[in-house]
Amino acid sequence: MPTTTSRKTQTVELKAPERLNDEHSLDQFDSGEQSINDYLHRQARKAQAAKQAVVYVVCRKDTAIVMGYYTLSSGSIARESVVPKSHQRNSPSVHPVTLLGRMGITQEAQGQGYAIDLLQDAVERAISASNTIGSSAMIVHPLNERLSSFYTKYAGFIPCPGLSPITLMLPLR
């Protein structure tokens with residue numbers, strides 16, 4: 001007789017995203033994906049201090065315990081890699097872009113829509129920044145097909161095969 005198990009999910013309340021600082025506690029963060037955990041635990045503060053990325057975190061309400069994060073940095077891509085192709089016409093040979101780097105949610109907070117909220121916050125920050133410092137698109141390199149579908153479904157990212165088979169791009173104009 002087949003049996004099913006269900007994970008009982010308790011709603012977790014989180015604060016609005018804010019820039020990572022020394023007050024934030026990273027010790028309890030576990031997304032279930034080792035590379036996402038390792039980046040936050042070992043590299044996020046260093047990358048931010050070196051101005052290689054800015055890390056935004058969401059914490060459990062009324063605490064400094066990090067429950068989710070994403071990173072933003074700047075980059076550039078060659079004109080011929082820009083999608084849609086119509087955005088290549090009469091444009092510079094190199095396009096400035098915003099890179100959505102690592103992003104993760106603790107296993108405890110997964111399945112409650114927080115990843116969608118983080119993605120929306122990242123896109124809004126990229127659009128806002130592009131009005132101050134030029135950026136024609138946001139790019140992301142998903143870890144797997146499931147995440148690729150997530151970015152496509154919830155933010156409208158489109159494949160950018162000119163960069164790599166897994167890279168996705170969201171035009172910011």
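Trainee: How many disulfides does the count come to?

Mentor: Please keep in mind that this is a predicted model. A disulfide is a covalent bond between the sulfur atoms of two cysteines. In this structure the count comes to 0 disulfides.

Trainee: Are C59 and C160 buried or exposed?

Mentor: Burial is judged by relative accessible area, and buried means under 20%. C59 has 1% relative accessibility, so C59 counts as buried. C160 has 0% relative accessibility and therefore counts as buried too.

Trainee: Where in the chain is the place of K51, and where is that of D62?

Mentor: K51 is found in the loop between α1 and β2. D62 is found in the loop between β2 and β3. As for accessibility, exposed means over 50% relative accessible area. K51 reaches 76%, so K51 is exposed; D62, at 70%, is therefore exposed as well.

Trainee: How should I read a loop residue such as S135? Is S135 buried or exposed?

Mentor: One may begin with its position and then examine its surroundings. S135 sits in the loop between α2 (114-130) and β5 (137-140). Its relative accessibility is 12%, so S135 counts as buried. A polar atom of the S135 side chain lies 3.2 Å from the backbone oxygen of A137.

Trainee: Which residues does S135 touch, not counting those up to four places away in sequence?

Mentor: With those set aside, S135 touches P96, V97, T98, S130 and L172.

Trainee: How is a pocket to be described? For instance, how many residues line the largest pocket?

Mentor: A description may give the volume, the lining and the classes of residue. The largest pocket holds about 750 Å³ of space. Its lining has 36 residues, and those nearest its centre are I36, M103, G104, L147 and Y151. At least two lining residues come from each of α1 (34-49), β3 (66-78), β4 (94-105), α2 and α3 (145-155). The largest share, 7 residues, is supplied by β4. By class, this lining comprises 20 nonpolar, 13 polar and 3 charged residues.

Trainee: How much space lies in the second largest pocket, and which residues lie nearest its centre?

Mentor: The second largest pocket has about 430 Å³ of space. It is lined by 22 residues, with V54, L72, S73, S74 and A129 nearest its centre. β2 (54-59), β3, β4 and α2 each contribute at least two residues to this lining. Its classes are 9 nonpolar, 10 polar and 3 charged.

How values were computed:
Residues numbered from 1 in each chain as written. Predicted model: local features only at pLDDT ≥ 70, side-chain atom pairs only at ≥ 80, totals over all residues. Heavy atoms only, no water. Helix = DSSP H or I, 4+ residues; strand = E, 2+ residues; numbered from the N terminus. Buried < 20%, exposed > 50% of the residue type's maximum accessible area, 1.4 Å probe, protein only. Polar contact = N/O pair within 3.5 Å; in protein donor to acceptor, adjacent residues only side chain to side chain. Contact = heavy atoms within 4.5 Å. 1 Å grid on protein atoms, 1.4 Å probe; cavity = no way out; pocket = protein on both sides within 12 Å on 5 of 7 lines; lining within 4 Å. Points joined across faces, edges and corners; volume = space filled by probe spheres on them. Nonpolar A, V, L, I, M, F, W, Y, C, P; charged D, E, K, R; others polar. Disulfide = S-S within 2.5 Å.
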